[in-house]
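Dear colleague,

Please find the structure below, together with its sequence. My notes on the findings follow it.

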Amino acid sequence: MSSLRLLLATAAAAALASCQSVAPNLASMTPQPSPVAAAPIAPVLATADAVDIHSYARPLEARVTHVSLDLAVDFETRRLSGTAALDIVRRPDAREIVLDDRGLEIQSIVDGSGAPLQYSVGTSDPQLGSPLAIALRPDTRRIVIRYASASDAGALQWLTPQQTAGKRLPYLFSQGQAIENRSWIPTQDSPGVRQSWEARITVPTGLVAVMSAPSAGPGRSNERDPGHVTYSFRMPHSVAPYMIAIAVGDVRFQSLGPRSGVWTEPSTIAAAARELEDTEKMIAAAEALYGPYLWGRYDLLVLPPSFPFGGMENPTLTFLTPTFIAGDKSLVSLVAHELAHSWSGNLATNATWADFWLNEGMTTYATYRIVESLYGPKLAAQQYANGFDAMMTAIDDAGGMKAPDSRLHIDLKGRHPDDGLTDVAYEKGAAFLRTIEHVAGRERFDAWLKGWFGWHRFEPVTSAIFLADIRQNLVRGDAALEQKLMLDAWVYEPGLPSNLVRPDPAAFANVDAAVSRFASNGTIPSQLWASWNTDERLRFVNRLPRKITKQRLGALDRALSLSETGNNEVLFAWLSLAVANRYGAAVPALERFLTTQGRRKFVAPLIKALAKDSAWGRPIASRVYRVARPLYHPITARGLDELKL
């Protein structure tokens, strides 16, 4: 296939016409030394809805197909430095290639023969960074950039030994989604420009490097510098650039099964492995639903508590927050969610962040199905009901049922992609798929969904492609079914269509009755609480009246030990209620919670709620934030720094 055809292939109709992708060779997942065998180059979509407004790249003119990193990790200067070699495909008349750059310290740019290439860094945008335009000669097919990341690179968090569990050695980890990797990798940082990649990472002896790609084996000592070790990695499949991830620290590995294992600090590996012991069962359940797992291994890295998200679905190595470790596996649906991304998000990826629901909504639906398969329909129904409540809250926060941000396909012009990271994408997307399942029938829908992941593996997709595919391969001209599904209304219109499948009211019947009793007369369900699972406890706390007297809150706290719970989801729900009611007895637990973990889902709402209460809460927020700010990843701190605490 010519370069031009590779660049221009794939308007939605063309993608559907040729949707049978070449099946990946699983043998190629075996780690191999460089050079990397040529992987099929993923298409770049040519339709208007696939133009990524959060990237400066012009991939239809010239695009990156492969990234080769050779970087050294320097904890003293807090920089990654070395080279990035980019293989490119271009139109014959392309005179430059445009990359994304946020604060990179560029030393030189040359072509594959070592000849210098002219380049310029454009004006910096606070959200997007800068365009890095590199002049191309007629024969330029490879670009080598010598550079260093800035000490404040937005994707990277550098932890001191004191900020780790072991307190012995420093730690580095990255978080690339959505547009953060441009702060440490000079490439076209767009989910619609998929790239294969490889890396050599040199770290101080005693530390271990892991990445979101198969490893070429143990680290090799550097003959020139015996104080350093070099690790090598290779990702043969084309992936979205945000999926390139790195971590360096005092980490160890424990196997969980034939193709899964966990990395984490030595002091937490036993607890993490116990919590994750169902991982192999989850892989099997997901494969039964959605087809073969195509990434080889599925390993997990449990990070220090400053990791800003619950999990990140980096291929072959999911990054996880330690806040999911409850001691009873009650929060492992998080693992099912990140595993499901191995199909929805990692195989078929949203081409732009306006279609984030194609990643997260499909994954949330798949999570409920995996949970149902392993733990039963009751728990799956309860999780769907709690997710439904989260969706309704997110729609209210967006401005109600008529608000533009209550749509699945949203307009992010002039906004950061993280503005679309709400439960509208997650839970409304899941509700949409659940509705399709209900209307079309599970067997028929499952067959289509498995086909979707097979037809579009290792490709970018859009809402238009999704709708065209489901019409061609599931609706198949059935006018009555088309009318019942209300497909366009779900994707492009605000609010919730009338065919919405609501949660089973019986899922939480006893919990909702207990909420009513407490609301009316303060009855505390102590015995029921002891028998409830995490989702039932969350339902109870989240459904309580938002205004409760301090006396009743105190009685509730004492009876149920809410401030002392080791379940972080329940603790967050409780602390949110406590802050809303100025319940001072919970402040010590609140301070511990905010200064010992940095998960944005927990931290941001609590600190913002405190900051809004100028008389009572803001002094607490200011005191806590001064202590906690060094713990938080830049992604968590970005919106909180604006509060000027």
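This is a predicted model: local features need pLDDT of at least 70, side-chain atom pairs count only at pLDDT 80 or more; totals for chains, interfaces and linings use all residues.

**Two packed helices**

Helices H17 and H19 are roughly parallel to each other, because angles under 35 degrees count as roughly parallel, over 145 as roughly antiparallel, 65 to 115 as roughly perpendicular and the rest as oblique. The axes of H17 (residues 568-580) and H19 (residues 600-612) come within 10 Å and cross at roughly 10°. Axes are lines fitted to C-alpha atoms, for helices over the stretch in contact, with angles from 0 to 180 degrees between N-to-C directions. Helices (H or I, at least four residues) and strands (E, at least two) are DSSP runs, numbered from the N terminus.

Residues are numbered from 1 along each chain as its sequence is written, and side-chain values use heavy atoms, with hydrogens and water left out.

**The annotated site**

The unreviewed UniProt entry lists His337, His341 and Glu360 under "binding site"; UniProt positions are given in the numbering used here, feature names are shortened, and annotations may be inferred rather than shown by experiment. These residues are spread over 24 residues of sequence, yet they cluster in space, with a largest C-alpha distance of 9.0 Å.

His337 is found in helix H5 (residues 333-340), and Glu360 lies in helix H6 (residues 357-375). Are these residues buried or exposed? His337 is buried, at a relative accessible area of 11%, and Glu360 is also buried, at 2%. Buried means under 20% relative accessible area, exposed over 50%, and partly exposed in between (1.4 Å probe, protein chains only). Leaving aside neighbours within four places in sequence, the contacts of Glu360 include Glu313, His337 and His341.

**Aromatic rings**

The whole structure holds 31 aromatic pairs. The rings of Trp353 and Phe356 have centres 5.9 Å apart and planes at 55°, so this pair is tilted. Rings of Phe, Tyr and Trp (its six-membered ring) pair if their centres lie within 6.5 Å; planes under 30 degrees apart count as stacked, over 60 as edge-to-face and the rest as tilted. Both Trp353 and Phe356 are buried.

Yours sincerely

Conventions: Contact means heavy atoms within 4.5 Å.
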